[in-house]
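Dear colleague,

I am passing on the structure below, together with some notes on its charged side-chain contacts. Please read them alongside the coordinates when you have a moment.

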Amino acid sequence: MTCGLKNVRRLSSASSVLQPTSILTTEWLWYWEDEHRNWNQYDTPPNSSTELEQKFLNNPQEVVEFTAGTQTYTLSLQDMIQTNMTHGTKRMVRRRPRFLSSADVQVIRTSHWDKTQVPETGYKKILLQDSSEEYKVVETLFRQSMTDFDIVKIERIQNKSLWDQFQLQGEQMKTRNGGRSVAEKKLFHSTDSKYIEDICYSNYDWRICGTHGTAYGKGSYFARDASYSHKCTGNTSTAHSMFVSRVLVGHHTLGTADYVRPPSKDVRDTLFYDSCVDNIRSPSIFVIFDQPQIYPEFLLLYRKKALALKKTDDWFGWQRLLAACCCKSQQSSGT
């Protein structure tokens, strides 16, 4: 494929045949060209698109032989040529990914929701299995900066109202961005346990939950690293909670304490940034001022590893022992 004088290659996710239980994989469809230059999909077993895709992945050099009606054909997977064994007629073959619109993708993203646990109002928390792809994605993000902690459980937040608002906001931001995709990130946020239910039900409200400072603006704060959010928990208990949220960060700019919304991109105040950050080139903190840009997707419960706790206890034990020895020494010396 080319675009002008430049070569173009297609990027795709893993084949749906290789990972049938995963979300957002690529479904490859197979077509042959008839005498009228129309492309017809292979959709009849044993040569449906799924079966041809499996054969292609197993051996891209295979020559497949099959019968359709009264005719026998060979299909060279390497050359992408179908040949009629009786008449010698050759047809071009193509392998193409199934087209998905942005709306289709959003539907797929929520297709793993437990449909029996999606109330019209309110929310449900669904416990994730540690073998699921969702769990592994969140776990990987968490462990990048939290190696001394164990995950107790991860729950998915299913709130249809908040999800619909998030999707609508994404489409509106995309329109303002000239139809181009809007930057979205999975970010961490910790808060007092008494606010967890409120966030699950009605999203973040910085006036209530944002008590950890306003250095980059008066909004809801999210961190790239779980370790940063952990600092805000206060370390007062052995178990801690942290949200992992989808955040439409869009175009960001450096924040300041007096911002109550992102600053304008132009002098006319008609185009505004979407978020504020702590560092333009390598942001680790994002400040969001508009609730619909956030979806609290997962709630993570974690605690310090047993070995790390033992080391901490041992350290405090040595400190107490040292203090006791010093005290006795001072008493015996009369000081």
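How many salt bridges does a search of the whole structure find? The search finds 13, and please bear in mind throughout that this is a predicted model.

Let me begin with E27 and R98, whose side chains meet in a salt bridge with an N to O distance of 2.7 Å. This pair links distant parts of the chain, since E27 lies in the loop between β2 (6-7) and β3 (28-33) while R98 lies in the loop between β10 (90-97) and α2 (102-109), 71 residues apart. E27 is partly exposed, at a relative accessible area of 34%, and R98 is likewise partly exposed, at 40%.

A further salt bridge joins E197 to K125, with 3.4 Å between the closest N and O atoms. Here helix α5 (residues 196-202), which holds E197, is connected to strand β11 (residues 124-127), which holds K125, and the two residues are 72 residues apart. E197 has a relative accessibility of 40% and counts as partly exposed, as does K125 at 31%.

Then there is the salt bridge between K186 and E297, where the closest N and O atoms are 3.7 Å apart. It links K186 in strand β13 (residues 184-189) with E297 in strand β19 (residues 294-304), 111 residues apart. K186 is partly exposed, with a relative accessible area of 26%, whereas E297 is buried because its value of 5% falls under the 20% cut-off. Both residues also belong to a network of salt bridges that links E184, K186, R246 and E297.

Technical notes:
Residues are numbered from 1 along each chain as its sequence is written. This is a predicted model: local features need pLDDT of at least 70, side-chain atom pairs count only at pLDDT 80 or more; totals for chains, interfaces and linings use all residues. Side-chain values use heavy atoms; hydrogens and water are left out. A salt bridge is a side-chain nitrogen of Lys or Arg within 4 Å of a carboxyl oxygen of Asp or Glu. Helices (H or I, at least four residues) and strands (E, at least two) are DSSP runs, numbered from the N terminus. Buried means under 20% relative accessible area, exposed over 50%, partly exposed in between (1.4 Å probe, protein chains only).
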